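Dear colleague,

Please find below the structure that I am handing over to you. My notes on what was found in it follow directly after it.

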Amino acid sequence: MKSPRDYVIENNEPATMRSEQIFFDDPAVDRVMGVLFSLAQEHYVLHDRVRALEELLVEKGVVSAEALNAPPRDEAAAHRDAAEFAEALLRPILGVQTAKGLTGRFSLARGKAQ
Amino acid sequence: MNERSFNAGQRFLLAAKQYWTTKMYTQLRREYEDKCKQLGVEPKTVSEVAEITENLTLYHFFAWFERHLQIGKYAGRYGLVPYYAERRQEVLKEIDTVPEGDPILELNPDMKMPLYYEATDIHQHPGGVWSDDTAGLVYQHGARTTTPLLGAAHEDLHYRFAEEIAAGGTPTAVLDMACGFGKTTLPLAIRFPEAQVVGVDLAAPCLRVAAHNARAKGLKNVRFKQADAIETGLESGSVDLVTSSMFLHEVPPRYIEKVLDEAARVLKPGGRMVHLDFYYFPDAFARFLHYGHGRRNNEPYMQPLAELDLPEMMRERGFTDIEIRPFKESPDADSKTAWRFPWTYISARKAA
C-alpha cells in the first residue's frame with residue numbers, strides 16, 4: 001500500500017506544469033465538464049443581468065410587468081424557435097456528419113512509415 | 001468584471017456548493033450504503049470504502065465538483081483572484097490604515113518562506129495566501145464560503161471557539177499561531193480584553209488585513225507579527241495561552257513536532273494550548289471523503305495530521321490534561337444531512 005504522504009508535493013514546479021486532476025474514466029469528460037460548468041455560470045450571470053434590466057424597465061415605467069410576462073404573440077413561431085434550439089443543442093448526440101467525408105475513428109500510429 | 005456580475009457568478013457557485021454539500025453528498029452516502037448492503041460488507045478502512053465508492057458514477061461527479069467549484073471560486077472568470085486584481089489599487093488603499101511604525105503590525109521583508117508552503121497553492125488559491133498583495137483580501141473573502149451552509153454566520157464559530165476557551169480560564173497573554181487575517185485572533189482579543197494577544201503568520205498580505213481589521217474594531221490589546229509558528233521570536237515562558245485554528249492540517253508532520261515544541265517553549269508553566277482543527281473521523285466513509293478533500297483542495301497534510309498520534313506527541317513534550325473532542329462549527333450542524341469536516345477541539349496544558 002502507498003504511504004499516505006506519497007501525494008505530497010515538495011517542489012516548486014509551477015501550476016501550468018502540473019496536469020489537472022482526473023475524476024472520470026475518460027479525462028475528456030473532466031474537461032468537457034469544465035467547459036459546460038463555465039457556460040452554466042455564464043448563463044446564470046446573464047440571467048441575473050436580464051432580471052436587473054427587467055426590474056429597472058418596469059420601475060421606470062418603460063414596460064409593464066404584465067407585458068413582460070405575457071405569452072408570445074406568435075405561439076407557432078415560438079415553438080419553431082424552441083425546436084431549432086433543441087436541435088442545435090442535441091444534434092451532436094446523433095453522431096452523424098453534416099458534410100460528407102471519412103467516417104469513424106482514425107489513427108496514424110499503425111501502418112508503413114510516413 | 002462589474003460588481004453585479006461578480007456577485008452573481010459567486011452566488012451561483014455558492015448555490016452549487018450548497019447543493020453539493022447536501023443533496024449530492026446524501027445521495028452519494030445512500031448509494032454507498034446500498035452497495036455495502038448489497039455486497040454484504042461493512043468497510044472499516046478508507047481503502048475498503050474506496051473499493052466501493054470509486055466505482056459509483058455519482059462519486060466521479062462529487063469529486064469533480066469539489067475540485068472545480070473551488071477553481072471557479074478562486075480562478076474562474078468571476079473568481080476572487082481576478083476580481084481583486086482588477087481593483088488592486090483601490091482595495092489595497094482601503095486597508096492601508098496602519099501608520100508606519102505602529103506596533104500593531106511588525107513585518108519582516110526578509111522572511112523566507114518554507115518550501116512546503118511554496119510548493120502547494122493552499123485551498124487552490126493561485127499563488128497561495130502570501131505571494132500577492134491582495135491575497136489576504138482574497139483569502140478573507142473566500143473564507144466566507146468555506147463552510148457553505150453557515151452563510152453570514154461563518155464568523156460565529158470563531159467566537160464560539162473563544163467562548164469554549166474562556167470556559168477553561170482567562171488568559172493574560174495569548175499567542176495565536178498562523179493567524180492569517182485574524183479570524184480567531186480578533187475574537188480572542190475581544191473575548192479577553194485584559195489580555196495581550198499576538199498573532200503570527202508567514203503571510204504579510206494576511207497580516208495587513210488582520211491589523212486593518214483590528215484597528216477598524218478599535219482593539220488596543222492585539223498585535224500582529226510576521227513570523228513562522230515554529231520560530232515566533234517570543235520570549236520563553238511569556239504567554240499563558242497558545243492557540244491556532246485550521247492550521248495544523250496545513251503543515252507537514254515534521255513541522256507539527258516543531259509547533260508543539262514552540263508552544264511548550266513560549267508557554268508559562270500551567271499555561272494552555274488549544275487548537276481548532278480537522279482531525280480524525282471514526283467513520284470510514286467520512287474519513288474517505290476527508291482524505292480525498294485534502295488531495296482535491298490542495299491541502300495535502302490533512303490525512304497525515306489525521307493519522308498522527310497527537311496525544312502521544314503532546315505527552316512527550318510534557319503536556320498534561322489532554323482533551324480531544326468534536327467541535328460543532330454551528331449549533332445545528334448535522335452529518336446526516338450535509339457533508340462536514342471533522343472539526344476538533346484539541347486542548348492540553350503545560351505541566352505546572
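I begin with one residue of chain B, E250(B), which is found in the loop that runs between β5 (239-245) and α11 (253-266) of that chain. Please keep in mind throughout that this is a predicted model.

E250(B) is buried but has no salt bridge. The nearest side chain of opposite charge belongs to K183(B), and it is 7.1 Å away. A salt bridge requires a side-chain nitrogen of Lys or Arg within 4 Å of a carboxyl oxygen of Asp or Glu. The side chain of E250(B) does, however, take part in a polar contact of 2.9 Å with the side chain of H123(B). Once neighbours within four places in sequence are set aside, the residues in contact with E250(B) are Y116(B), I122(B), H123(B), E299(B) and Y301(B).

D228(B) lies in the loop between β4 (222-226) and β5 of chain B. Its relative accessible area is 11%, and a residue under 20% is classed as buried, so D228(B) is buried. Leaving out residues up to four places away in sequence, D228(B) touches M111(B), P114(B), L202(B) and Y255(B). For the pair D228(B) and M111(B), the separation is 117 residues in sequence, while their C-alpha atoms are 8.9 Å apart in space.

I turn next to the salt bridges. How many are there over all chains? The count comes to 23 salt bridges. One of them is formed by D48(A) and R4(B), whose closest N and O atoms are 2.8 Å apart. This pair joins two chains, because D48(A) belongs to helix α1 (residues 27-59) of chain A and R4(B) to helix α1 (residues 3-39) of chain B. Are these two partners buried or exposed? D48(A) is buried, with a relative accessible area of 1%, whereas R4(B) is partly exposed, with a relative accessible area of 36%.

Within chain B, R215(B) forms a salt bridge with D102(B), and the closest N and O atoms are 3.1 Å apart. R215(B) lies in helix α10 (residues 204-216) and D102(B) in the loop between α5 (88-95) and β1 (105-106), so the pair ties together parts of chain B that are 113 residues apart in sequence. R215(B) counts as partly exposed, at 36% relative accessibility.

Another salt bridge of chain B brings together the side chains of R340(B) and E329(B), at 2.9 Å from N to O. Both residues are in the loop between β7 (319-326) and β8 (343-350) of chain B, 11 residues apart. R340(B) and E329(B) are both buried. Elsewhere, salt bridges with shared partners connect D48(A), R51(A), R4(B) and R11(B) in one network.

Finally, I describe the interface between the two chains. Chain A contributes 28 residues to the contact and chain B contributes 36 residues. Together they bury about 3100 Å², of which 57% is on carbon and sulfur atoms. Four salt bridges are found across this interface. The side chains of E42(A) and R77(B) also meet in a salt bridge, at 2.7 Å from N to O. Between chain A and chain B there are 13 residue pairs in polar contact. On the side of chain A that touches chain B, the residues divide into 13 nonpolar, five polar and 10 charged.

With kind regards

Notes: Residues are numbered from 1 along each chain as its sequence is written. Chains are lettered from A and ligands numbered from 1 in the order in which they are written. This is a predicted model: local features need pLDDT of at least 70, side-chain atom pairs count only at pLDDT 80 or more; totals for chains, interfaces and linings use all residues. Side-chain values use heavy atoms; hydrogens and water are left out. Contact means heavy atoms within 4.5 Å. Buried area is the accessible area (1.4 Å probe) that two parts lose on being put together, summed over both. A polar contact is a pair of N or O atoms within 3.5 Å; within protein, one must be able to donate a hydrogen and the other to accept it, and residues adjacent in sequence count only if both atoms are side-chain atoms. Ala, Val, Leu, Ile, Met, Phe, Trp, Tyr, Cys and Pro count as nonpolar, Asp, Glu, Lys and Arg as charged, and the others, Gly among them, as polar. Helices (H or I, at least four residues) and strands (E, at least two) are DSSP runs, numbered from the N terminus. Buried means under 20% relative accessible area, exposed over 50%, partly exposed in between (1.4 Å probe, protein chains only). Lys and Arg count as positive and Asp and Glu as negative; His and the chain ends are not counted.
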